Amino acid sequence: MREFLVEITTSVPAGVTEEQVTERRAAEAMRAREPAATGHLVRLWRPIGETRSIGVWRADDEAELREKVLGTLPLRPWMSLTVTPLESHPNDPGRV
């Protein structure tokens, strides 16, 4: 699988109730366990003081990542994504 740096910013659309937001966030938390268990979600961070998240995700290719992994997230309709394909750097201390 290839690795991708994914930046996610979630914006709740106007007119959505707090109850709807709570339901979707709960569904998102449950759904996030699945890609972690299958190796698609490797790491996830939230920059201090920001509402966006930054993660390392894995998929066979970007199309699979966007459609079959990120596309299945309950909050996806409210997300804007920046996906950057990654490759190992020759000086990466974790490189095997």
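Me: What should I know about the ground rules here?
Reply: This is a predicted model, where local features need pLDDT of at least 70, side-chain atom pairs count only at pLDDT 80 or more, and totals for chains, interfaces and linings use all residues. Residues are numbered from 1 along each chain as its sequence is written, and side-chain values use heavy atoms, with hydrogens and water left out.

Me: OK, what does the protein average in pLDDT?
Reply: The average is 94, and 99% of the residues score at least 70. pLDDT is the predictor's confidence in each residue, from 0 to 100.

Me: Let's start in E3. Is Ser53 buried or exposed?
Reply: Ser53 is buried, because its relative accessible area is 11%. Buried means under 20% relative accessible area, exposed over 50%, and partly exposed in between (1.4 Å probe, protein chains only). Ser53 belongs to strand E3, residues 53-59.

Me: And what does Ser53 touch?
Reply: Leaving out residues up to four places away in sequence, Ser53 touches Val6, Glu7, Ile8, Leu44, Trp45, Arg46 and Pro47. Contact means heavy atoms within 4.5 Å.

Me: Switching topic: how many salt bridges are there?
Reply: The count comes to 5. A salt bridge is a side-chain nitrogen of Lys or Arg within 4 Å of a carboxyl oxygen of Asp or Glu.

Me: What does Arg31 pair with?
Reply: Arg31 forms a salt bridge with Glu34, with the closest N and O atoms 3.3 Å apart. Both lie in helix H1, 3 residues apart, about one turn of the helix. Arg31 counts as buried at 16% relative accessibility, whereas Glu34 is partly exposed at 48%.

Me: Which residues are linked in a network?
Reply: Glu7, Glu50 and Arg52 are linked by salt bridges. Between Glu50 and Arg52, the closest N and O atoms are 2.4 Å apart.

Me: Last one: where do Arg66 and Glu62 sit?
Reply: They are 4 residues apart in helix H2 (residues 62-69), so about one helical turn separates them.

Terms used: Helix = DSSP H or I, 4+ residues; strand = E, 2+ residues; numbered from the N terminus.
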